Each structure stands twice: as structure tokens, then as C-alpha cells.
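Visitor: Could you take me through the aromatic side chains here, at close range? I would like to hear how they pair up and what surrounds them.

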Amino acid sequence: MGKVMSVVGRQVQRFNVENRAQKVISQTKPKPAPKYESNLKDLERVLREHPDVVEEQSRKNVLLDENLRQVYVTSKDVAIDPKASQLQDPDKPLPINRSTVEEYEFGHLEPRTVTKGRCTLRQAVQFIANHQTDPQQWTSAKIAEYYSMKEPVVQNILDHFKSFEVHLPDKNLERRRILTRATEASKQIE
């Protein structure tokens, strides 16, 4: 039923479209959109204060008209004139190197100098990895001294951040678990 209604509705909308469009186009001046009361009050106020504005807008500006007559637009089609696309402004040369910019390892440009009490992301990853591999040698006190940081800050970093560790499951372990489940199930059945 919905499709039938949409087809009928579309036919009603398109009925006599050409004549209705011609009727609107042939009108001498289109009807202006309705205005809000506040806009009408502003318009009346401007007309009272500056009555010459309406005359100035309706009058043709000769100087502007002459300037517009002096403007000529010419376009050159690249398909017709291929040399037009090859013309290049010597003051604005095109880039010679068109290779992509290298991406940074950690996603941003690392600073060249680091203020005291701070560390770069690379340094943080390095001392976290060192601490994970050998915690006796790389204690939080030694790391804090090496990077000129406060020891509690380094301790918090070491407590809350870890580098990734990859744990691959043992396939034999999974098989053993399946076999033990199967044997337990068979014992319960017997």
C-alpha cells in the first residue's frame, strides 16, 4: 500500500509542472519573503535616519559600472593548449622532491633538548625495558639519578607502565587440557 501511495503522490506532485513553472517565471517581480517584526522596525528606523539610502541603492553607480566593463575574463583550456599548463612562475617553483615525509617512530617529533626532571618517550620506554629486564641493576633511584628526575615520579612510572610482553600459548598444553577433560568425562560416564 505504501508503494501505491508514493507513486500516486509523485504523479500528483508532477501534474501540470511545466505550466505552473511558467506561471511563476512569467511573474514580473517575485514576492519577497515575509519579514519579522523586528526586521521591519529596523528597516523603518534606517529609512527615517537615512532617507537617501533607498535612492542610492536604486541609482546606477557609473564608476563601478565602468570598472566592471574593463574586466575581461579569459580562460585557456588545457586540452586545447597543453603548453598553458606547463607555464610556471619562477618565483613560485613547484617542489622537486615529491616523496612522502618520514613518519616518526613514536608518532611525533622528539625534542632535541629535554628539560631537567623530564624525559622523552624514547627514554621512558628505554628505562622501563631496562628495569623489566634487570630490576636489581636498574632501580628507581638509579634511573632517577641518571635522567635527573624525582625518584617518586620514576617509581610511579615503573609501577603503572610496562612494555609489551608476548605470551604465545603452548599448543601441547591445550591438547593436554582437551584430553584430560575427555578422560574425566569418560570416567564420569562409567
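Guide: Happy to. A search of the whole structure finds three aromatic pairs, where rings of Phe, Tyr and Trp (its six-membered ring) pair if their centres lie within 6.5 Å, with planes under 30 degrees apart counted as stacked, over 60 as edge-to-face and the rest as tilted. Before we zoom in, please note that this is a predicted model: local features need pLDDT of at least 70, side-chain atom pairs count only at pLDDT 80 or more, and totals for chains, interfaces and linings use all residues. Residues are numbered from 1 along each chain as its sequence is written, and side-chain values use heavy atoms, with hydrogens and water left out.

One of the pairs is F127 with Y147, which is tilted, at 5.3 Å centre to centre and 45 degrees between the planes. F127 belongs to helix α7 (residues 121–133) and Y147 to helix α8 (residues 140–147), so this pair ties together parts that are 20 residues apart in sequence. Helices here are DSSP runs (H or I, at least four residues), just as strands are (E, at least two), numbered from the N terminus.

Both F127 and Y147 are buried; that word means under 20% relative accessible area, while exposed means over 50% and partly exposed is in between (1.4 Å probe, protein chains only). Y147 also pairs with Y146, this time edge-to-face, at 4.9 Å centre to centre and 85 degrees between the planes. How do these two tyrosines stand, buried or exposed? Y147 counts as buried because its relative accessibility is 15%, whereas Y146, at 59%, counts as exposed.

The charged end of K142 sits over the ring of W138, 5.0 Å from its centre. For that label, NZ of Lys or CZ of Arg has to be within 6 Å of the ring centre and within 35 degrees of the ring normal.

An α-helix has 3.6 residues a turn, so residues three or four places apart point the same way.
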